[in-house]
Amino acid sequence: AHRNGEPGVLFLDAANRFNPCPHLGEYEATNPCGEQFLLPYENCCLGSVNLARHVCCGDNGRPALDWDGLRETIEQATRFLDDVIDANAYVPAVPQLEEAARRSRRIGLGIMGLGDLFYHLRVRYGSEESLELAAQVMEFIRYHCMRASIELARKRGPFPAIQGSVYDPQDLRWTPPQPLTPYARLEKWGRPSLDWDAIVEGIRCHGIRNAAQTTVAPTGTVATVAGCEAYGCEPVFALAYVRHVDDDGQDLELQYVSPLFLQALEEAGLDDAARERVLEQVSATGSCQVVEEVPPAVRDAFVVAGDIAAEEHVRMQAALQAFVDSSISKTINFPATATPEDVARAFQLAWKLGCKGLTVYVTG
């Protein structure tokens, strides 16, 4: 793993502790990106909320999280993904695929643009503040996804394999998730309160429509299409870079610069010439951390993957995992000077914090 980033590591003990349908079998493996443990023949339809599109103007005129809009998106997305299970054209030659999908009705609602959200709100990815904000957001998504799934169960019926699962209303073994660290900034972000007791009662009364509800996938292509700067739960990889495109046999160079970084420089009062100088330096490394003309407040918030310590990467994954019932695709970035022992410590920390798996990448 230290030499070339492969293989990723799985913690099957952690994954099976949160298997919602142990009566149907144990997990043995996951997909290559690591976010979706499945039983034989199962599949999961995934969808991701673009957090960058859920920023509004707060009471003080500064960017804030649009919790009402986010709740509405979660409810619609949950219903949409449940509909996909029935609308899907499964492979006729393998009837077990459709049978397994309809038996547990797994969905995987996740996120993309977490790094964009932090840029908008001027929160440094990896800081204690960012860990709490990420946890608050993911708890909000899990809560309203479950709430919508219970409502679907009331209207359409629970997933067929619910008897014997952790969600069995006659033998309910599921308990509400908890943050790794108690929240200290609930008022700062203005998140509405969540009534987890109502979720427990809802399951007892109606069951739940989907055996699994949340997943954080890599979202590489969909995040690009959606205009996100950061994929999945990852930080932005670079503030500026050159993308090479094969244009009918010719190498076409496309210069990319982070729009949010440019906006921050303009808001900080840097003129055209100063911005040009900054971008020239940032393009060389992708980072603004050693560029003196970048104001300290901008420099603090606009970190990229390589600026973030490996332990901060792991702790971000763990903060999110507390509210994700499936798993998470996450890369833990290391500097070129990292040792095999550094990688070992990241694996051990991830296991201790309850992650279900991760991948490492040492620069170079």
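T219 sits in the loop that links α7 and α8 (220-226). Helices (H or I, at least four residues) and strands (E, at least two) are DSSP runs, numbered from the N terminus. T219 is not a glycine, yet its phi is positive, at about 55°. With 7% relative accessibility, T219 counts as buried. Buried means under 20% relative accessible area, exposed over 50%, and partly exposed in between (1.4 Å probe, protein chains only).

This is a predicted model, in which local features need pLDDT of at least 70, side-chain atom pairs count only at pLDDT 80 or more, and totals for chains, interfaces and linings use all residues. Residues are numbered from 1 along each chain as its sequence is written, and side-chain values use heavy atoms, with hydrogens and water left out.

D248 also has a positive phi of about 55° without being a glycine. D248 lies between β6 (240-247) and β7 (250-257), in the loop. At 76% relative accessibility, D248 is exposed. A further backbone feature is the cis peptide bond between E6 and P7, with omega about 0°. P7 belongs to the segment before β1 (9-10).

Two packed helices are described by the angle between their axes and the distance between the axes. Here axes are lines fitted to C-alpha atoms, for helices over the stretch in contact, and angles run from 0 to 180 degrees between N-to-C directions.

Helix α5 (residues 128-156) and helix α12 (residues 310-321) have axes that come within 8 Å and cross at roughly 25°. That makes α5 roughly parallel to α12; the classes are under 35 degrees for roughly parallel, over 145 for roughly antiparallel, 65 to 115 for roughly perpendicular, and oblique for the rest. The α5 and α12 crossing is right-handed. A crossing is left-handed if the near helix is turned anticlockwise from the far one by less than a right angle, and right-handed if clockwise. From α5, the contact (heavy atoms within 4.5 Å) uses S130, L131, A134, A135 and M138; from α12, it uses E312, R315, M316, A319 and L320.

Helix α7 (residues 196-206) packs on α5 at about 25°, with the axes 10 Å apart. That makes α5 roughly parallel to α7. The α5 and α7 crossing is left-handed. Among the residues that meet are R142, Y143 and M146 in α5 and W196, I199 and H206 in α7.

**Buried sites**

| Residue | Location | Relative accessible area |
|---|---|---|
| S287 | loop between α10 (272-285) and α11 (296-301) | 11% |
| V282 | helix α10 | 0% |
| R105 | loop between α3 (95-104) and β5 (107-112) | 4% |

Which side chain does S287 join by a polar contact? The partner is D307, at 3.0 Å. A polar contact is a pair of N or O atoms within 3.5 Å; within protein, one must be able to donate a hydrogen and the other to accept it, and residues adjacent in sequence count only if both atoms are side-chain atoms. Not counting residues up to four places away in sequence, S287 touches V282, V304 and D307.

R105 makes a side-chain polar contact of 3.1 Å with the side chain of D82. Beyond its neighbours within four places in sequence, R105 is in contact with residues including D82, I85, D86, F159 and R209.
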